[in-house]
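Trainee: I have a model open and I want to learn how to read it. Can we go through it feature by feature?

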Amino acid sequence: MRLRDKVCLITGAGSGIGQSTAALFAAEGAAVIVNDLDDGKGQDTVSRIEAAGGTALYIRADVTRPDEVSAMTERALARFGRIDALFNNAGISGVGMLHEVEPDAWDRIMSINIKGVYLPSKYIVPHMMERRQGTIINMSSCVAEIGLARRASYAATKGAVLALTKSMQVDYAPYGIRVNALLPGTILTPFVETYLRNSYDDPEAGLESIKKRQLSEELGRPEDVAKAALFLASDESKFMMGSPLYIDGGAVFGKNA
Ligand SMILES: NC(=O)c1ccc[n+]([C@@H]2O[C@H](COP(=O)([O-])OP(=O)(O)OC[C@H]3O[C@@H](n4cnc5c(N)ncnc54)[C@H](O)[C@@H]3O)[C@@H](O)[C@H]2O)c1
């Protein structure tokens, strides 16, 4: 029970890494606020947690909408009284060289992947400041550290999230708040399955080329990232501040070092 009595809010928790993390946090004793845009997926995460004996509440909110994020924060606080950990996980992928990215697609990915970290933090941090404690986990990616072909817009968002994490940490350290970033490599989730379909004529060949970027022979699993998030959410990581945590099968420091 590494998160006993903690209240954790996870954005984009209806699928993939967010869903796996919500289940793990609940199994470790946390009450989990499951945020997503997709009611079916969000409710599915809550049902899984409740079936396993855990506590969870689904709150629909688009992380790019101030009104919805503010209302989500108030609802979560009304129900649980506080938020100990915020995992800014929601995000979308973007494929293409810079000149191939249409302005609308550029704006959309910037909005979900960066504003979607800014807004939940903006509304939840003041409550953490008041209590002089809290931990925030921002979802970056190892693309923030290495150049990957045809990922321009996505890489720009994840680099921004890493820079934002360091700045937030400096500002909020005096209030007892820790802010760290997760940098996963390729993790087999619906997000990557969509990417494979959109980017390769033969998704199997795409999978093989992704494996060549890393040292591990396996792709990452959502549970691998969930375990890293658990460490950052728990007091076990109390000396980690403003840090990137890599879960990438050796993609950054192995193949490209
Ligand atoms: N899968 C990977 O290989 C990988 C690698 C590095 C980083 N990441 C990052 O991890 C995060 C989760 O990725 P995943 O692979 O689990 O994706 P996923 O597509 O399986 O899940 C993302 C969830 O976010 C939700 N979402 C999307 N837009 C939203 C919005 N505006 N408001 C609220 N919820 C929204 C979706 O409905 C979905 O349930 C993303 O930020 C992604 O960039 C993923």
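Trainee: Which residue has a side-chain N or O atom 3.0 Å from a nitrogen atom of the ligand?

Mentor: Remember that this is a predicted model. For a polar contact, look for a pair of N or O atoms within 3.5 Å. Here the side chain of Asp 62 supplies the N or O atom, 3.0 Å from a ligand nitrogen.

Trainee: How much of the ligand's accessible area does the protein cover?

Mentor: Start from the ligand on its own, with 840 Å² of accessible area. The protein covers 93% of that.

Trainee: Which pocket does the ligand take up?

Mentor: The ligand takes the space of the largest pocket. Next, ask which elements give two or more residues to the shell. They are helix 1, strand 2 (31-36), helix 5 (152-172) and helix 6 (190-199). Helix 6 gives the largest share, 3 residues.

Trainee: Which residues come nearest to the ligand?

Mentor: There are 29 residues around the ligand. Ser 15, Asp 36, Asn 89, Tyr 154 and Thr 189 come nearest.

Trainee: Is Asn 89 buried or exposed?

Mentor: Use the cut-off: buried means under 20% relative accessible area. Asn 89 is at 9%, so Asn 89 counts as buried.

Trainee: What does Asn 89 contact within the protein?

Mentor: Skip the neighbours within four places in sequence. Asn 89 then contacts Ile 10, Thr 11, Gly 12, Ile 17, Gly 18 and Met 139. With Gly 12, check the polar atoms too. A polar side-chain atom of Asn 89 is 3.2 Å from the backbone oxygen of Gly 12.

Trainee: Let me try a helix residue. Where is Thr 21, and is Thr 21 buried or exposed?

Mentor: Thr 21 belongs to helix 1 (residues 16-27). Its relative accessible area is 0%, so Thr 21 is buried.

Trainee: Which residues does Thr 21 touch?

Mentor: Leave out residues up to four places away in sequence. Thr 21 touches Ile 10, Phe 87, Ala 226 and Ala 229. Now compare sequence with space for Ala 226. Thr 21 and Ala 226 are 205 residues apart in sequence. Their C-alpha atoms are 4.4 Å apart.

Technical notes: Residues numbered from 1 in each chain as written. Predicted model: local features only at pLDDT ≥ 70, side-chain atom pairs only at ≥ 80, totals over all residues. Heavy atoms only, no water. Helix = DSSP H or I, 4+ residues; strand = E, 2+ residues; numbered from the N terminus. Buried < 20%, exposed > 50% of the residue type's maximum accessible area, 1.4 Å probe, protein only. Contact = heavy atoms within 4.5 Å. Near = heavy atom within 4 Å. Polar contact = N/O pair within 3.5 Å; in protein donor to acceptor, adjacent residues only side chain to side chain. Areas by Shrake-Rupley, 256 points an atom, 1.4 Å probe, with all protein chains shown as cover. 1 Å grid on protein atoms, 1.4 Å probe; cavity = no way out; pocket = protein on both sides within 12 Å on 5 of 7 lines; lining within 4 Å. Sits in = over half its atoms within 2 Å of the grid points.
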